[in-house]
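Please open the model in the viewer and keep the selection panel at hand.

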Amino acid sequence: MTVPEVDQSVAAEAAPAPVGGVLEGVQVSCWFGARKVLEGVDIKMDAGVVTALIGPSGCGKSTFLRTLNRMHELVPIATLAGSVLLDGHDIYGAGLRLTEVRRRIGMVFQKPNPFPAMTIADNVAAGLRLTGRKVRDRDDLVETSLRRAGLWNEVRNRLGAPAGGLSGGQQQRLCIARSLAVSPDVLLMDEPCSALDPTSTRRIEETILELKDQVTIVIVTHNMQQAQRVSQHCAFFLAAEDEPGRVIEQGPTEQIFSDPHDPRTADYVNGRFG
Amino acid sequence: MRTTGPEGSVTSDVPEAGPRAEEPRKLEARLTDADRFYRAFVAAGAGTTLVLITLIGLFLLTGAWPALKTSGFSFLTTLTWAPDGEPPKFGVAAMMFGTFVSAAVAMLITVPIAVCTALFINEYAPRAVRRSLTSLVDLMAAIPSLIFAIWGLFFLVPLLAPIEDWAVAQFHGWLPLAEASATGGSLFNAGLIIACMAIPITTSIIREVLAQAPRHECEGALALGGTRWGMISSVILPFGRSGIVGGSMLGLGRALGETLAATLILSIAFEIKPRILENGGITVASGIAIEFRDAQELGLSALMAAGLALFLVTFAINLLAALVVNRSPAGARA
Ligand SMILES: Nc1ncnc2c1ncn2[C@@H]1O[C@H](COP(=O)(O)OP(=O)(O)O)[C@@H](O)[C@H]1O
Ligand SMILES: [Mg+2]
């Protein structure tokens, strides 16, 4: 890694936390092999705003999310069209390095995926080693990240214990802390609470609300109440039979839930299908 | 907790719990007939293996007894091999030394190459050639060692001769490893050929294990901005540690017992010397193969003793490997 980046990270450590980046999907379409699963998605995800992606299973929410930090291309048969802009720069262009794109746009997965053989502290700091960065005070970074993820008080006395011993909800917050430790501008979350109990879910929702002014957050969720509690912007995805998924409607969360323009949106948010 | 029979009498088989249950109770379960049958079947298989190993060990021990009684402790320290001489004088020291050195050379070459090849096939090779590379490696694992030995003797060793001679000319005098009066039939070359034999099977096993690394953990590493190498070092290698040890042990087993390569390559010499590039050496396996024809009564027994020593060493190394595997954090993962 180059020297300027190291300086940058040290500077980011000293300065107040980043206020997030603006992420914008422009006419994004996706294919798996010959099958088109997503068509013409335009969504602007603003800084300081939590964007929720909702819709029935299989309509392409995860696929869209994975195009936003270039995880989509890890599937061998996957292709895409359109572009994704981070603060106005195309993340699929030659201007940004792939690893830099993924560092700046973090991701929390549906299934918690800490590195089980590493200790809790090593998990949080794993991104540093992976991205070849150095910080002056590693312990401080571990503590700050765990605090921001709302996990510090529960693990402060066992930072050296293996991460595999944490509960599901704790593991998920550890994954959030791990993502935050590399100071991302955007955090993508794919149904982060779907495998968790109600208490852990509430803790993560609180975490999201605390983080929202520091990082741009995009969350996929099947839980309508959760979308209303945590998000300010909401996009409804739907795929008709044998057709690719599309965004049917998007707007302020309030309006999507109280006064949707499209009858299909109304049906979905009121639990009449999906 | 008491169940009551139809007539109101107590017919429970629920054990009486003490006032405070402080001791764990005994657990019992009634198995189905099918379960019992398969358990017996599988146990019989495991038992056969154990009996076989014990029988082999006993056979070697009884065969080796006369020789061991004659030589006593000097069996471990003597270099020369003249069991049918007058007086008999023999020991495994030189053979063991040669076995360890050639095996060490072989493993030092095999393990890095096998791990790199496995990682290349799994993580770097273009998808189109991955399948063919995998089958190629598996195919190479099936080539008889005789082919490798002949190829090594007539192609690789002559090819390397100028390089080895150059290395000796450059470094002799201050690096005992590189001193040699003549090169070619050395322990180093034997180890090299053994490595060629061990690489395919070791690679095949390690590749298979590394391919099982959990994909969602790999994605977690990449999503943090990790490079491919970062993902390999933080997820794939820790996950595959026990598999790498296991695959290497199979390779090492092959290296310790390899007879043909050592017999063909080595210029026979019963001695211990650090000059591994120099002609001359002997291993237990090649020693047994070479001395077998001319062995008389005590000679045969002495060869059995050498075999027993190799048997025990192999056993010990595998036990050690099992310990390493069980101790590793990857082995402890849920
Ligand atoms: N790896 C894959 N290979 C092939 N098809 C896939 C793959 N992942 C997802 N799909 C297909 O893409 C469509 C959208 O999937 P996904 O984005 O996971 O939906 P959602 O997250 O909204 O439930 C589905 O029809 C699914 O079958
Ligand atoms: Mg999904």
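**Stop 1: Where the chains meet**

Select chain A and chain B together; between them they bury about 1800 Å², with 66% of this area on carbon and sulfur atoms. The model is a predicted one. The size of an interface is often expressed as the accessible area that is lost when the parts come together. To display the contact itself, colour the residues involved: 27 residues of chain A touch 20 residues of chain B.

How many salt bridges does the rule find across the interface of chain A and chain B? The rule finds 1 salt bridge there. Select A:R66 and B:E219, whose side chains form a salt bridge with an N to O distance of 2.8 Å. Between chain A and chain B, 2 residue pairs are counted as being in polar contact, both residues at pLDDT 80 or more.

**Stop 2: The surroundings of ligand 1**

Next, select ligand 1. The residues around ligand 1 include A:F32, A:V37, A:P56 and A:V75. The residues A:S57, A:G58, A:C59, A:G60, A:K61, A:S62 and A:T63 are also among those that surround ligand 1.

- A:R35: an N or O atom of the side chain is 2.6 Å from an oxygen atom of ligand 1.
- A:G58: a backbone N or O atom lies 2.7 Å from an oxygen atom of ligand 1.
- A:K61: a polar backbone atom is 2.9 Å from an oxygen atom of ligand 1.

Ligand 1 taken alone exposes 560 Å², and the protein buries 65% of that area.

**Stop 3**

To their contact, domain 1 of chain B contributes 16 residues and domain 2 of chain B contributes 14 residues.

Together, domain 1 of chain B and domain 2 of chain B bury about 1100 Å², of which 83% is on carbon and sulfur atoms. Which residues of domain 1 of chain B lose the most area to domain 2 of chain B? Select B:L60, B:A67 and B:F75, which together account for 48% of what the domain 1 side buries.

Finally, examine the polar features of this interface. The rule finds 0 salt bridges between domain 1 of chain B and domain 2 of chain B, whereas 4 residue pairs are in polar contact, both residues at pLDDT 80 or more. On the side of domain 1 of chain B that touches domain 2 of chain B, there are 11 nonpolar, 5 polar and no charged residues.

Note on methods:
Residues numbered from 1 in each chain as written. Chains lettered and ligands numbered in written order. Predicted model: local features only at pLDDT ≥ 70, side-chain atom pairs only at ≥ 80, totals over all residues. Heavy atoms only, no water. Contact = heavy atoms within 4.5 Å. Buried area = accessible area lost by both parts, 1.4 Å probe. Salt bridge = Lys/Arg side-chain N within 4 Å of Asp/Glu carboxyl O. Polar contact = N/O pair within 3.5 Å; in protein donor to acceptor, adjacent residues only side chain to side chain. Nonpolar A, V, L, I, M, F, W, Y, C, P; charged D, E, K, R; others polar. Near = heavy atom within 4 Å. Areas by Shrake-Rupley, 256 points an atom, 1.4 Å probe, with all protein chains shown as cover.
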